[in-house]
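The following exercises are to be worked with the sequence and the model in view. Each task is followed by a solution in steps.

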Amino acid sequence: MGLDIVELVMSVEEEFDIDIPDKVQETIITVGNLADTVAAELARLGRPADPYDIFETVKKLTVERAEVDPHKVTRDARFVHDLGMD
């Protein structure tokens, strides 16, 4: 996992006040994977949230961190191959 993605995950963790274990981070390939991971962690902590809202927040953070057109950030967008993050 490259520095850009690590920094994005850290921003997401801070935004949602959660901790995503390194082993789980290694499996995150798409924006949807990250949003789903956040949703699962929030549910595990007894703080479930609307999946749409989670995705929109992850999307916003991804756009800021990757400096890409928001239209490119879909659930299926891969951080490395589609968004050019390392």
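**Exercise 1: Burial and overall form**

Buried residues, those under 20% relative accessible area (1.4 Å probe, protein chains only; exposed means over 50%, partly exposed in between), make up 41% of the 86 residues in the protein chain. The model is a predicted one, in which local features need pLDDT of at least 70 and side-chain atom pairs count only at pLDDT 80 or more, while totals for chains, interfaces and linings use all residues. Residues are numbered from 1 along each chain as its sequence is written, and side-chain values use heavy atoms, with hydrogens and water left out.

Task: Determine whether the radius of gyration of the protein chain agrees or disagrees with that of a compact globule.

Solution. 
1. The radius is taken over C-alpha atoms, and the globule rule is 2.2 Å times the number of residues to the power 0.38.
2. For 86 residues the rule gives a value near 12 Å; the protein chain has 12 Å, so the two agree.
3. The C-alpha trace spans about 35 × 25 × 20 Å along its principal axes.
4. Of the contacts (heavy atoms within 4.5 Å) between residues at least 6 apart in sequence, 55% join residues at least 24 apart.

**Exercise 2: Secondary structure and confidence**

Solution. 
1. Elements are DSSP runs numbered from the N terminus: helices are H or I of at least four residues, strands are E of at least two.
2. The predictor's confidence in each residue, pLDDT, runs from 0 to 100. The protein chain averages 96, and 99% of the residues score at least 70.

**Exercise 3: Positive phi angles**

Task: Describe the backbone angle phi of Asp17 and of Glu67, and place each residue in the chain.

Solution. 
1. Asp17 is not a glycine, yet its phi is positive, about 55°. Asp17 sits in the loop between helix H1 (3-16) and H2.
2. Glu67, also a residue other than glycine, has a positive phi near 55°. Its place is in the segment after H4.
3. With a relative accessible area of 60%, Asp17 is exposed; Glu67 is exposed as well, at 71%.

**Exercise 4: Two loop residues**

Task: Locate Pro48 and Glu26, and decide whether each is buried or exposed.

Solution. 
1. Pro48 belongs to the loop between H3 and helix H4 (51-66). Its relative accessibility is 65%, so Pro48 counts as exposed.
2. Leaving aside residues up to four places away in sequence, Pro48 touches Leu42 and Ala43.
3. Pro48 and His71 are 23 residues apart along the chain, and their C-alpha atoms are separated by 27 Å.
4. Glu26 lies in the loop between H2 and H3 and is exposed, with a relative accessible area of 62%.
5. Glu26 and Val6, 20 residues apart in sequence, are 9.8 Å apart in space, C-alpha to C-alpha.
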